[in-house]
Amino acid sequence: MTPEVVEAGRVRLRPYRPDDADELAVGCGDPVNLRFNPTMPQPYTVTAAHWWITEGAPAAWRAGGAAYAIADAGTDLLVGGIGISNLVPAHGQAEVGYWVTPRARRRGVATAATRALATAAFRAGLARLELLTDVENPASQRVALAAGFHPEGVRRAAGRSRDGGRHDLLAWVRLADDPAGPTPRRLPDLPDGRLTDGVVTLRRLAPADTDPLYRLHTLPEVVATRVRPVPPTRAAIARRCAVAESDWLTGGSADFALLDAATGALAGGCALVYDEPATGQAMIGYSLLPEARGRGLTTRAVRLLAGWAFGPVGLARLWAGTAPWNHPSQRVLERAGFRREGLMRGRLPGRDGTRADTVLWSLLPTDPH
Ligand SMILES: CC(C)(COP(=O)(O)OP(=O)(O)OC[C@H]1O[C@@H](n2cnc3c(N)ncnc32)[C@H](O)[C@@H]1OP(=O)(O)O)[C@@H](O)C(=O)NCCC(=O)NCCS
């Protein structure tokens, strides 16, 4: 690519200038940026900024990529950086990366810059642009979606951490003939971030839910209903909470904290696993802490979840499975309008290499619920 100025509405992509150095050091030195761009020097000094302006960025251009400053269109002052690297000419493929200085975030800067750079890159002949995000970086995943990139899956251990270890990255891809975005989502965000009937509130699971969720999932009666009936580690529950937003954004599952609306305390959890997008079918599951049981909270949560699933998500069928002995759970489903469809023999792994039967339940949008 060639370092031509690209106008992108409220921002402009232009080559770096020596007087960008101070702002470049502030933006790149931000802890959030250093966390998600672990190949940048830490601490990011003004000397590092000068090196990037005089040597790093010119080298990126010489390698056939791009290294633009993102500047405010009105003032021409630096508000971020965006580039193209890791060119694979034989595949017409390259990778986009960006950062925005903290005071300019959440104003559409990264989205406008990414759309504009993608258009320029496709015009220059690329066929495929990749964007790799940390699974715990929903801001960047939302930029990818807003700029027309589609989730392609997990690149295992594709990221190098500062401590020398490796971590998974999510791959987002836009092809030359894909629309500029936003990419349609299978699972939309919740209106105002929650669903509520005044008694129960459902919101997306978050990292702060780790402790009560771990307590819930290590209760013996909850362990007995897990798909492998063994207690999870605390690290597994922490990760589940940490990736809830990215699972939602990629359309795999919607993992909810179930709150007592009166106190705001976590009373349990429920989830919608979008296991069959091709046929518009998803599975639901739920569990409640002992002190919250017996008040109809789970039934309310399932009704709220079903309303969202058949409304904004547009599903055609919800299904659930219960153990044959799990009468409280079967009662929840009956009260929420689900119908019993039959017994799936040997459906799930049980204890010690055995298999366990599952009672199958379903709800259709036309069922009274
Ligand atoms: C990721 C980053 C570049 C986003 O820049 P930005 O200019 O704030 O992004 P935009 O304003 O274009 O926002 C795009 C979307 O992200 C959302 N978003 C922005 N910051 C967010 C945050 N902290 N948490 C959740 N969502 C966020 C916006 O609401 C918007 O969503 P929408 O399209 O659904 O409305 C910026 O947060 C950043 O510099 N982070 C550190 C560096 C980094 O992570 N780089 C990417 C490495 S892959």
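**Figure 1. Ala 157 lies within strand E7.** Helices (H or I, at least four residues) and strands (E, at least two) are DSSP runs, numbered from the N terminus. The model shown is predicted: local features need pLDDT of at least 70, side-chain atom pairs count only at pLDDT 80 or more, and totals for chains, interfaces and linings use all residues. Residue numbers start from 1 along each chain as its sequence is written. Ala 157 has phi near 55 degrees, a positive value in a residue other than glycine. Ala 157 counts as exposed because it has 11 C-beta neighbours inside 10 Å. The classes are buried (20 or more other C-beta atoms within 10 Å of a residue's own), exposed (12 or fewer) and partly exposed (in between), with C-beta atoms placed from the backbone.

**Figure 2. Strands E7 and E8 form a hairpin.** E7 and E8 (residues 166-175) pair in the antiparallel sense over seven bridges; two strands pair if DSSP finds at least two bridges between them. Gly 153 stands opposite Ala 171 in E8, and Arg 160 stands opposite Arg 166 in E8. Five residues lie between the two strands of the hairpin, in which Gly 164 takes a positive phi near 95 degrees. E8 also pairs with strand E6 (residues 128-134), again over seven bridges in the antiparallel sense. There, Asp 134 stands opposite Leu 169 in E8.

**Figure 3. An open sheet of eight strands runs in the order E1-E2-E3-E4-E5-E6-E8-E7.** Its pairing is mixed. Strand E1 (6-8) and strand E7 (150-160) stand at the edges with a single partner strand each, so one side of each has no neighbour in the sheet. Direction ignored, neighbouring strands are turned by 30 degrees against each other on average. Helix H3 (residues 46-62) packs on this sheet and touches strand E3 (66-72) and strand E4 (78-88). The direction of H3 makes about 120 degrees with that of E3. Axes are lines fitted to C-alpha atoms, for helices over the stretch in contact, and angles run from 0 to 180 degrees between N-to-C directions. Two residues are in contact if their C-beta atoms, placed from the backbone, lie within 7 Å.

**Figure 4. Asp 76 lies in the loop between E3 and E4.** Its phi is near 65 degrees, a positive value in a residue other than glycine. Asp 76 counts as exposed because it has 11 C-beta neighbours inside 10 Å.

**Figure 5. The shell around the ligand has 22 residues.** A residue is near a molecule or strand if its C-beta atom, placed from the backbone, lies within 6 Å of it. Arg 105, Ala 110, Thr 111, Ala 139 and Arg 142 come nearest. Helix H2 (31-36), strand E5 (93-100), helix H4 (109-123) and H5 each supply at least two residues of the shell. H5 gives the largest share, six residues. By class, the shell has eleven nonpolar, seven polar and four charged residues. Ala, Val, Leu, Ile, Met, Phe, Trp, Tyr, Cys and Pro count as nonpolar, Asp, Glu, Lys and Arg as charged, and the others, Gly among them, as polar.

**Figure 6. Domain 1 (6-175) and domain 2 (191-363) divide the protein chain.** The bounds come from an automatic or database domain assignment. Taken over C-alpha atoms, the centres of the two domains are separated by 37 Å. Eight residues from domain 1 and six residues from domain 2 take part in the contact. On the side of domain 1 that touches domain 2, helix H5 (residues 138-146) contributes the largest share, four residues. The residues on this side of domain 1 are five nonpolar, one polar and two charged.

Figure 7. Strand E11 (residues 253-260) pairs with strand E12 (residues 266-276) in the antiparallel sense over seven bridges, and Leu 258 has Gly 268 in E12 as its bridge partner.

Figure 8. Pro 182 is in the loop between E8 and E9.
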